[in-house]
Amino acid sequence: MSASNFSDAFKDTREAKGTCPFNDQNDPVTMLLRFKDVRKTAHNTKGFSSAAKPGRIVVPSEVNIRDTRQIPFEVDPPEHTEYRALVEDWFKRPLDPDYENKLTQIVEAEIERVLQKGSIEAISELSLPIQSKALTLLLNIPLTEAETWISWGTHVFRSEDSDLDADKASILYDYIDAEIDKVIAVPNDSLYSVLLNSEYQGRKMTKEEVKGVLILTFAGGRDTVINYLTNTIAYLGEHPEAIEKLNDNPALVNTAIEEFVRYFSPLTHMGRVVKEEKEISGHVAKEDTRVSLCWASANRDESVFENPNEIVLDRKMNPHVAFGFGAHKCLGATHARQLMKVFLRVFTEKVSTIEIINAAENIEDWGAHKRKVGFNELTIKLNAK
């Protein structure tokens, strides 16, 4: 089977019912599968809340592995609006030419490094190092710090034995606590210091609030970015003509990154807690139950996307929701898009073809639906131009 084929796991249910139940640790979730329902619910922050118990809107729920509220992710307007305003400019820094140049240097160095090898395992030897080293730019800390994060492996909250590993999560939490304490003692120009000096509602942000922003920054863009990069490599490996097409038409990169993220949808869904009973596509959502906004299903909705199960590099109309929608759209989207753009540009400049040696798929189990989200292993050989 094609390594770069990601089938639409939700097609039949989306067309027949529009919703699907999923039992998550005895806190059931109703998955919303249609594009219209997903966007409408994401927009309705008064009826569907993100400010539940920390971890509850994540699917699978993280209530048993953390107490810290991720900010501004797990806060509703108007508080959400105020928190987000504190960090919005910082998270737009990837648009600066200097940021893009440094990002380019990181990606060039990593690709040059693996081109000197024979076969590589793409996740651990390329995608993870690029994701981690790019994150040092977003935090504005030394590049060498990425080696610590790389040593944690691909997943922040997951181990080989469990989708939710409290011990592994504690590694991140303890690390962030220690780094915050260092910056309190010796301030610098990193995101840590910016947050510690920020004022929310007339007071300085607390250490717990700062930790909440940083947990979101670390966890939110790890698996998703790694999956995006690895899945894109798999696609280019099976479509060498796309490498030349992207290299010959640099402007095509801008539509290609949106099409790849739509098609791969690295984050399957995100939850909300119902504030008052409401009917959605025939499902009666009771107060204090959970629904999930299934970005992956919405991004394959045939009523919105023509030929949704094909990658169309120059797709003109592409209102995908891979970065969320509404007030809670992904805070790190600017960084992710810039990284995607730089990666595609550099990769297609330096690589002629890719040999896929072995591909072990990562399949998510959502009860009645099994969805390929990426790979547990992707062994490849890159051939330089």
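## Backbone features, cores, strands and cavities

S265 lies in the loop that connects α12 (252-264) to β7 (269-274). The model is a predicted one. The phi angle of S265 is near 40 degrees, a positive value in a residue other than glycine. Is S265 buried or exposed? With a relative accessibility of 1%, S265 counts as buried, because the cut-off for that class is under 20% relative accessible area.

N26 also has a positive phi, near 65 degrees, and is likewise a residue other than glycine. This residue sits in the loop between β1 (19-22) and β2 (29-32). N26 is exposed, with a relative accessible area of 72%.

| Feature | Residues | Angle |
|---|---|---|
| Cis peptide bond | I71 and P72 | omega about 0 degrees |
| Cis peptide bond | P77 and P78 | omega about 5 degrees |
| Positive phi | N26 | phi near 65 degrees |
| Positive phi | S265 | phi near 40 degrees |

P72 is found in the loop between β3 (48-49) and α3 (79-87). P78 is placed in the loop between β3 and α3 as well.

The interior can be considered next. In soluble globular proteins, nonpolar side chains tend to be buried together. In this model, the largest nonpolar core contains 89 residues, and F218 and F347 have the most contacts inside it. Helix α5 (residues 122-139) supplies the largest share of this core, with 10 residues. Which residues does F347 touch? Leaving aside residues up to four places away in sequence, F347 touches I111, L126, I233, L236, I354 and L382.

Strand β11 (residues 351-366) and β12 run antiparallel and are joined by 14 bridges. Within this pair, A360 stands opposite E377 of β12. The two strands β11 and β12 form a hairpin with 2 residues between them, and G367 in the turn has a positive phi of about 70 degrees. Strand β4 (residues 119-121) is also antiparallel to β12 (residues 369-384), and 3 bridges join them. In that pairing, E121 stands opposite T379 in β12.

How many cavities of 30 Å³ or more does the structure hold? There are 3 cavities of that volume, and the largest cavity contains about 60 Å³ of space. Its lining consists of F6, S7, D8, A9, F10, Y263, A296, S297, R300, R371 and K372. Two elements, α13 (295-298) and β12, each give two or more residues to the lining of the largest cavity. Sorted by class, the lining of the largest cavity has 5 nonpolar, 2 polar and 4 charged residues.

Terms used
Residues numbered from 1 in each chain as written. Predicted model: local features only at pLDDT ≥ 70, side-chain atom pairs only at ≥ 80, totals over all residues. Heavy atoms only, no water. Core = buried A, V, L, I, M, F, W, Y, C linked by side-chain atoms within 4.5 Å. Buried < 20%, exposed > 50% of the residue type's maximum accessible area, 1.4 Å probe, protein only. Helix = DSSP H or I, 4+ residues; strand = E, 2+ residues; numbered from the N terminus. Contact = heavy atoms within 4.5 Å. Pairing = 2+ DSSP bridges. 1 Å grid on protein atoms, 1.4 Å probe; cavity = no way out; pocket = protein on both sides within 12 Å on 5 of 7 lines; lining within 4 Å. Points joined across faces, edges and corners; volume = space filled by probe spheres on them. Nonpolar A, V, L, I, M, F, W, Y, C, P; charged D, E, K, R; others polar.
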